[in-house]
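Visitor: I would like to learn how to read a protein model feature by feature. Could you walk me through one?

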Amino acid sequence: MKEKSLYYKESGHIGAMGPVIMLLVGIIASGVLAGIYGFAMFYIPFVYLNFILTVLFGACIGMVVGNSGVAAKVRNRKLMLLFGALFGLIAAYFSWIAWLFAASEMNYLVYEPLEIFTVLLEASKVGIWSLFGSIVKGGFLWSIWIMEALIIITAATYTAYYTIRNRPFCESCNEWLTSTTLTSRLQAIHNHNELVLALENYNIEELTKLNVCHPDDLIRAKVTLHHCNSCQELSCLSVDELLLSVNEKGEVNQKEKAIVENLIINNSILLQLKQWCSSFI
Ligand SMILES: [Zn+2]
């Protein structure tokens, strides 16, 4: 996909109170969620469930931090990445305080980093839980703990970033554009480059010639419009490829890959696209 001024570009502005709001919300969310997570990890002895909880915990931190940034009108992906990673790390640290508190039957609140490390070092020598009948300890236990922290940080970073990934902002009106998914059931687009080139030349026929996909199709396309409801002067078009997969339990997973991301369009094209979609939905 080409990088040109045809596309919306974020201004990078972080708002007057953006970082302050994100810091406040991030620290409260990290404390509360880490408390719940730390206790849940201590009392739920199922490895598979623990893994899901770890991913969810990191994603929740990222979602709260990211959405606080959106509310504070932060349109800077780098700041979202930074705060996502920062609070992922803080949340992982807080979760250790909560876990040790739960493990001591709520008798000891250990919160200094060196003290936590010392307790964990002692615990790792004897092992604290078993996997497939053998006690997990030493280097293997440390590698699991490090992996757990990395999962939390990665999930928080990705989720915080994702909250503004495809979200244009109208600088004139000082507000986010409203996003509307026109369709997520469009047939697969075979030649991405051809579509991008046509749309960049405002030839929307390459898109509007496509029909609704078959219900069993695993590759589809999604069309999203973004529009400023205040000035009615800024609109963007995004087209994503959806890759669906079905696991052995019959659960459907979906991945999105951007084909066209926030191409600026005029109101005439906006109207044509809306009319096109309303004809088959
Ligand atoms: Zn506007």
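Guide: We will go from the overall picture to helices, cores, strands and a few single residues. This is a predicted model, in which local features need pLDDT of at least 70 and side-chain atom pairs count only at pLDDT 80 or more, while totals for chains, interfaces and linings use all residues. Residues are numbered from 1 along each chain as its sequence is written.

Visitor: How many helices and strands does the protein have?

Guide: Helices (H or I, at least four residues) and strands (E, at least two) are DSSP runs, numbered from the N terminus. Here there are 8 helices and 8 strands. The C-alpha trace spans about 70 × 50 × 30 Å along its principal axes.

Visitor: What percentage of the residues count as buried?

Guide: Burial is a matter of counting neighbours: a residue is buried if 20 or more other C-beta atoms lie within 10 Å of its own, exposed if 12 or fewer, and partly exposed in between, with C-beta atoms placed from the backbone. Of the 281 residues of this protein, 28% count as buried.

Visitor: Which residues touch the most other members of the largest nonpolar core?

Guide: A nonpolar core is a set of buried Ala, Val, Leu, Ile, Met, Phe, Trp, Tyr and Cys residues joined through C-beta atoms within 7 Å. The largest one has 31 residues, and Ile61, Val65, Ala91 and Ala156 touch the most other members. Helices H1, H2 (47–71), H3 (77–103) and H5 (138–162) each supply at least two residues of this core, and H3 gives the most, with 12 residues. Apart from this core lies another, of 21 residues, among them Tyr8, Phe169, Ile189 and Leu207.

Visitor: What is Ile61 in contact with, leaving aside its neighbours within four places in sequence?

Guide: Two residues are in contact if their C-beta atoms, placed from the backbone, lie within 7 Å. By that rule the partners of Ile61 are Ala29, Ser30, Leu33, Phe87, Gly88, Ala91 and Ala156.

Visitor: How do I describe two packed helices?

Guide: Two packed helices are described by the angle between their axes and the distance between the axes. Axes are lines fitted to C-alpha atoms, for helices over the stretch in contact, and angles run from 0 to 180 degrees between N-to-C directions. The axes of H2 and H5 come within 7 Å and cross at roughly 35°. The contact includes Ile61 and Val65 of H2, and Ile152 and Ala156 of H5. Its residues divide into 14 nonpolar, 7 polar and 1 charged; in this scheme Ala, Val, Leu, Ile, Met, Phe, Trp, Tyr, Cys and Pro count as nonpolar, Asp, Glu, Lys and Arg as charged, and the others, Gly among them, as polar.

Visitor: What is the order of the strands in the open sheet?

Guide: Two strands pair if DSSP finds at least two bridges between them. This open sheet of 4 strands has the order E5-E6-E7-E8, with antiparallel pairing. E5 and E8 (252–265) are the edge strands, each pairing on one side only. From one strand to the next, the twist averages 20°.

Visitor: How many bridges join the neighbouring strands?

Guide: E5 (residues 178–187) and E6 (residues 219–227) pair over 7 bridges, with Thr178 having His227 as its bridge partner in E6. E6 and E7 (residues 235–246) pair over 9 bridges, and the partner of Thr224 in E7 is Ser238. E7 and E8 are joined by 11 bridges, where Leu242 stands opposite Glu256 in E8. Helix H6 (residues 192–200) lies across E7 and E8, running at about 30° to E8.

Visitor: Which residue takes a positive phi in the hairpin of E7 and E8?

Guide: Gly250 does, near 85°, in a hairpin with 5 residues between the strands. Met106 has a positive phi of about 60° although it is not a glycine, and Gln232 likewise has a positive phi of about 60° without being a glycine. Met106 is found in the loop between H3 and helix H4 (113–126), whereas Gln232 lies in the loop between E6 and E7.

Visitor: Why does Gln232 count as exposed?

Guide: Gln232 counts as exposed because it has 12 C-beta neighbours inside 10 Å. Met106 is exposed too, with 9 other C-beta atoms within 10 Å.

Visitor: And where does Leu6 lie?

Guide: Leu6 is in the segment before helix H1 (18–43). Leu6 counts as partly exposed because it has 15 C-beta neighbours inside 10 Å. Leaving aside its neighbours within four places in sequence, Leu6 is in contact with Glu200, Leu263 and Ile264.
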